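Hi everyone, thanks for coming along. Please have the sequence and the 3D view open while I talk, and follow along with me.

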Amino acid sequence: MPLFDTHAHYYDEKFGSPEEQETLLCDVLKEVPRIINCGITPSTSEICLGWAKKHAGLFAACGLHPENISGSRAENTKMLDQISGMLDDPECVAVGEIGLDYYWTSDNREEQKSVFSSQLDMALEKKLPVVIHDREAHGDCLDIVSGFRGRGLKGVFHSFSGSPETARELIKLGFYISFSGVITFKNAVKPVEVLKILPEDRILAETDCPYLAPVPFRGKLNDSRLMRHSVAKIAEIRGTGFDEMVRITERNAVSLFEKCTVLNP
Ligand SMILES: [Zn+2]
């Protein structure tokens, strides 16, 4: 039963040199045959596209992450133009990782909102789903995506940390909610509450590796092979079997990321 990791960052230097990163990726793909590698800048998005062309089952998301926004508006416009140019690539399956982060950087909220909205527009125009990072910005994220109501915007809130009330609103807007290793943490109260109230067809699973390794590997280097611990926990909370939850999350991932339906041999 194949796992599908909908959110990873294999170009991260925590995985070593570019050669070591790619070697690890090849090993991981043998166990987890579908992975979406998410860019956070134009250069990392370019790496994701390059690797997606070389490795069957590996797909790319291209986007400008809120932590990587520049203080210069001209620089942000240039980076958005570069991202926009990548979205027509057949290997690009989503616009991401994009969103708002008021935890690390809260002094540039207006610019974050503007860059986020621009990328949602781009996704709509290119008919691609979005992968959203929302850290301590639940109200503003909900406001912004609500502005796209009825226009066919699809996407996922990854490793979601908001309340069940916010999750309910996002579900009404057509979004999916994704769970990382955080769901296995003892202090993960809200994610467990959210998981319990979600419709079955909106649940996704991910690693966000190299970060957020699940228990019993919390704090260690994460990779897609450890995702089975998170999926086992998701299954336990939802009262289903492990294989059934693998099937559910895989089916949901393919229905959101439509370009990932073809699993190359
Ligand atoms: Zn991420």
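Let's begin with the sheet: 8 strands form an open sheet in the order 1-2-3-4-5-6-7-8, with parallel pairing. Strands here are DSSP E runs of at least two residues, helices are H or I runs of at least four, and both are numbered from the N terminus. Two strands pair if DSSP finds at least two bridges between them. Which strands stand at the edges? They are strand 1 (4–8) and strand 8 (203–205); each has a single partner strand, so one side of each has no neighbour in the sheet. From one strand to the next, the twist averages 30 degrees. Angles like this run from 0 to 180 degrees between N-to-C directions, with axes fitted as lines to C-alpha atoms, for helices over the stretch in contact.

Before we go on, please remember that this is a predicted model: local features need pLDDT of at least 70 and side-chain atom pairs count only at pLDDT 80 or more, while totals for chains, interfaces and linings use all residues. Residues are numbered from 1 along each chain as its sequence is written.

Now look at strand 5 (residues 130–135) and strand 6 (residues 155–157), which pair in the parallel sense over 3 bridges. V131 has V156 in strand 6 as its bridge partner. Helix 4 (residues 109–126) packs on the sheet and touches strand 4 and strand 5. The direction of helix 4 makes about 160 degrees with that of strand 4. Contact means that two C-beta atoms, placed from the backbone, lie within 7 Å.

Next, helix 7 (residues 189–197), where P191, V194 and L195 are buried. These three cover an arc of only 100 degrees around the axis, which puts them on the same side of helix 7. That arc is taken from the directions from the helix axis to the C-beta atoms. Buried means 20 or more other C-beta atoms within 10 Å of a residue's own, exposed means 12 or fewer, and partly exposed is in between, with C-beta atoms placed from the backbone. What do the buried residues of helix 7 pack against? Their partners are helix 6 (164–172), strand 7 (176–179) and helix 8 (227–238). The face turned away from the buried side carries the exposed residues V189, K196 and I197.

Helix 8 also holds A232. A232 counts as partly exposed because it has 17 C-beta neighbours inside 10 Å.

That's my tour, so over to you for questions!
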